[in-house]
Number of protein chains: 2
Amino acid sequence: MTQKGFQDYYPDEYSHCYGCGRLNKNGMKIKSFWDGDESVCRHTPAQHCTGGFPDKIYGGLIASLMDCHCAGTAAAAKHRADGFELGEKPLSRFVTASLKVDYIKPTPAGLELEVRAKVIEIKNRKVILNAELIADGAVTAKGEVIMVQLPDEAK
Amino acid sequence: MTQKGFQDYYPDEYSHCYGCGRLNKNGMKIKSFWDGDESVCRHTPAQHCTGGFPDKIYGGLIASLMDCHCAGTAAAAKHRADGFELGEKPLSRFVTASLKVDYIKPTPAGLELEVRAKVIEIKNRKVILNAELIADGAVTAKGEVIMVQLPDEAK
């Protein structure tokens, strides 16, 4: 895929995340995109990312996908709210203040998963989002996430 | 380390988790133990498990550690509440209903991390726990977790 995701617009020094950093050689390198008012990320987990059962996905991966996807969505949403197009300048980096995941049903392994997020509120440096994990057309987990914008000059 | 952790007492068919399954060849294989009224798990993340910054741990790993450690602690606590010693029979398997992580401060990479959990309530098949992630003596994240016991015959 050559389309740029939100994470491709992070400054280099913030691009080392195992989940979404384009500079993490061993990472999952997830990418997030706008899809109307929502954002979407599609990811097929590696074969070893199973839960207790060998045919289900482990909960930590689901939390990770929601976390990285919501950080990217928060950054893109704030960027847009501030009046910028994607690519006009690097995105600000957001870090997670709080991540809550409700696991609705087991998530099957061996499939491409979809994570969707919706921005609920942007309040100064804070962005609140809801997220859903979808597998084979069914919502298997829901997330509530609070992201906080780092100052652009932070290290 | 030869001491058996809670996860060593899971039945084989529930031991495939990337985070804590002893049968997941590529997994982290975390182990949890009682430490008085609390439970403890120590884990040094792999070098690539960094966050946006190369010297910090990514949030998804922190969520994963809390998730697996609390599932094990819930199983061991229910086992004990039901009157059994560890090893007397396999532990029941618990799955995550809800996982909330509050990230207090960045977690430094390159260190052994400690996850501690405390059982708040056991109510039939549900166990509610609080967790803390500790790095270099400081609490960097706090968790609130609800675990639900699977029927022992479930697949």
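## A tour of chains A and B

Select Asp8(A) and show what surrounds it: leaving aside neighbours within four places in sequence, Asp8(A) is in contact with Gln3(A), Arg22(A) and Lys31(A). Keep in mind that this is a predicted model. Asp8(A) sits in the segment before β1 (33-35) of chain A. Is Asp8(A) buried or exposed? Its relative accessible area is 19%, and buried means under 20%, so Asp8(A) counts as buried. Now show the backbone of Gly5(A). The side chain of Asp8(A) reaches the backbone nitrogen of Gly5(A) at 2.8 Å.

**Next stop: Thr107(A)**

Select Thr107(A). Look for this residue in the loop between β3 and β4 (113-123) of chain A. Thr107(A) is buried, with a relative accessible area of 3%. What does Thr107(A) touch, not counting residues up to four places away in sequence? Its contacts are Asp55(A), Lys56(A), Ile57(A), Ile62(A), Leu113(A), Leu133(A), Ala135(A) and Thr140(A). Pick out Thr140(A) from that group. The side chains of Thr107(A) and Thr140(A) are joined by a polar contact of 2.7 Å. Thr107(A) and Ala131(A) lie 24 residues apart in sequence, and 15 Å separates them in space, C-alpha to C-alpha.

**Along β3 of chain A**

Move to Thr96(A). This residue is found in strand β3 of chain A. Thr96(A) is buried, with a relative accessible area of 14%. Show the side chain of Asp67(A). A polar contact of 2.5 Å links it to the side chain of Thr96(A). Not counting residues up to four places away in sequence, Thr96(A) touches Asp67(A), Val145(A), Ile146(A), Met147(A) and, in the other chain, Tyr103(B).

Which strand of chain A pairs with β3(A) over nine bridges? Select β6 (residues 138-149) of chain A: this strand and β3(A) pair in the antiparallel sense.

**Crossing to chain B**

Stay on β3 of chain A (residues 94-103) and bring in β3(B). How many bridges join these strands? Five bridges join them, and the strands run antiparallel. Select Lys100 in both chains. In β3(B), Lys100(B) is the bridge partner of Lys100(A). Then select Val101(A): opposite stands Leu99(B) in β3(B).

As you step along any strand, turn the view to see both faces. In a regular strand the side chains alternate between the two faces of the sheet.

**The contact as a whole**

Colour the two chains separately. The contact takes 34 residues from chain A and 34 residues from chain B. About 2600 Å² is buried between the chains, with carbon and sulfur atoms giving 59% of that area. Which residues of chain B lose the most area to chain A? Select Tyr18(B), His48(B) and Phe53(B), which together make up 22% of what that side buries.

Now look for polar links. Between chain B and chain A, 20 residue pairs are in polar contact. The count of salt bridges between these chains is zero. Select α1 (59-81) and β3 (94-103) of chain B: each supplies at least two residues of the side that touches chain A. β3(B) gives the most to that side, with eight residues. By type, the residues of this side divide into 14 nonpolar, 14 polar and six charged.

**Last stop: salt bridges**

Over all chains, the structure holds 20 salt bridges. Start with Glu38(B) and Arg116(B). Their salt bridge has its closest N and O atoms 2.6 Å apart. Glu38(B) lies in strand β2 (residues 38-43) and Arg116(B) in strand β4 (residues 113-123), so the pair ties together parts that are 78 residues apart in sequence. Arg116(B) is buried, with a relative accessible area of 16%.

Switch to chain A for a network. There, salt bridges that share partners join Asp35(A), Glu38(A), Arg42(A), Glu114(A), Arg116(A) and Lys118(A).

Finish in chain B with Asp82(B) and Lys78(B). Their side chains meet in a salt bridge (3.8 Å, N to O). Asp82(B) is partly exposed, with a relative accessible area of 42%, whereas Lys78(B) is buried at 13%.

Methods: Residues numbered from 1 in each chain as written. Chains lettered and ligands numbered in written order. Predicted model: local features only at pLDDT ≥ 70, side-chain atom pairs only at ≥ 80, totals over all residues. Heavy atoms only, no water. Contact = heavy atoms within 4.5 Å. Buried area = accessible area lost by both parts, 1.4 Å probe. Salt bridge = Lys/Arg side-chain N within 4 Å of Asp/Glu carboxyl O. Polar contact = N/O pair within 3.5 Å; in protein donor to acceptor, adjacent residues only side chain to side chain. Helix = DSSP H or I, 4+ residues; strand = E, 2+ residues; numbered from the N terminus. Nonpolar A, V, L, I, M, F, W, Y, C, P; charged D, E, K, R; others polar. Pairing = 2+ DSSP bridges. Buried < 20%, exposed > 50% of the residue type's maximum accessible area, 1.4 Å probe, protein only.
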